[in-house]
Amino acid sequence: MRGKRLTGKPSSHDTQRDLIHLLQIQHELQLALSFLDGVTIEQFAEDELRQHAVAMAVAQAGEHVKKLSRQFVASQPDIAWKAIAGTRDWVVHDYGNLDFDTIYQSVTEESPEVMACVEKAIAQIGIPDTHIGDIGSTALKNARGIN
């Protein structure tokens with residue numbers, strides 16, 4: 001298990017990695033919420049393109065949740081991280097059986113709480129001035145709305 005930290009404080013690498021994934025979660029949830037802005041559940045039920053867009057954003061957010069360090073997840077017990085990751089699995093592996101009413105409710109009702117936790121964690125970690133790699137740079141650009 002060389003290179004794996006099982007106990008103790010997260011390393012700066014873990015913190016930096018968590019920051020990248022938190023920024024991506026924030027970006028994907030913002031996208032999902034924007035896709036549903038002003039859209040009723042009935043409109044969503046009839047809009048296959050919007051359904052695909054929201055499902056992909058939810059799946060991407062869940063994928064990044066899976067990449068958060070165990071230390072970070074354990075430090076945020078009020079967020080159902082396992083359920084978010086499980087939703088990603090549901091979207092990816094059982095797309096033909098998705099209940100889009102559940103997806104709509106989840107995004108519109110639960111995402112704001114997750115977003116608040118993510119934004120608080122990003123603020124606590126802080127965005128570094130140093131280079132954090134190509135993936136990190138993309139995450140920062142997305143989070144800052146830079147094109």
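User: What makes a residue count as buried here, and what share of the 147 residues does?
Analyst: Buried means under 20% relative accessible area, with exposed over 50% and partly exposed in between (1.4 Å probe, protein chains only). By that cut-off, 37% of the 147 residues count as buried. Keep in mind that this is a predicted model: local features need pLDDT of at least 70 and side-chain atom pairs count only at pLDDT 80 or more, while totals for chains, interfaces and linings use all residues. Numbering runs from 1 along each chain as its sequence is written, and side-chain values use heavy atoms, leaving out hydrogens and water.

User: How many helices and strands are there?
Analyst: The protein has 7 helices and 0 strands, taken as DSSP runs (H or I, at least four residues, for helices; E, at least two, for strands) numbered from the N terminus.

User: Why are helix 5 and helix 6 called oblique?
Analyst: Their axes, those of residues 81-93 and 100-125, cross at roughly 140° and come within 12 Å. Angles under 35 degrees count as roughly parallel, over 145 as roughly antiparallel, 65 to 115 as roughly perpendicular and the rest as oblique. Helix 5 and helix 6 are therefore oblique to each other.

User: Which residues make that contact?
Analyst: With contact meaning heavy atoms within 4.5 Å, helix 5 brings Trp 81, Ile 84, Trp 90 and Val 91, and helix 6 brings Thr 102, Ile 103, Val 114, Cys 117 and Val 118. By class, that's 8 nonpolar, 1 polar and no charged residues. Ala, Val, Leu, Ile, Met, Phe, Trp, Tyr, Cys and Pro count as nonpolar, Asp, Glu, Lys and Arg as charged, and the others, Gly among them, as polar.

Note on methods: Axes are lines fitted to C-alpha atoms, for helices over the stretch in contact, and angles run from 0 to 180 degrees between N-to-C directions.
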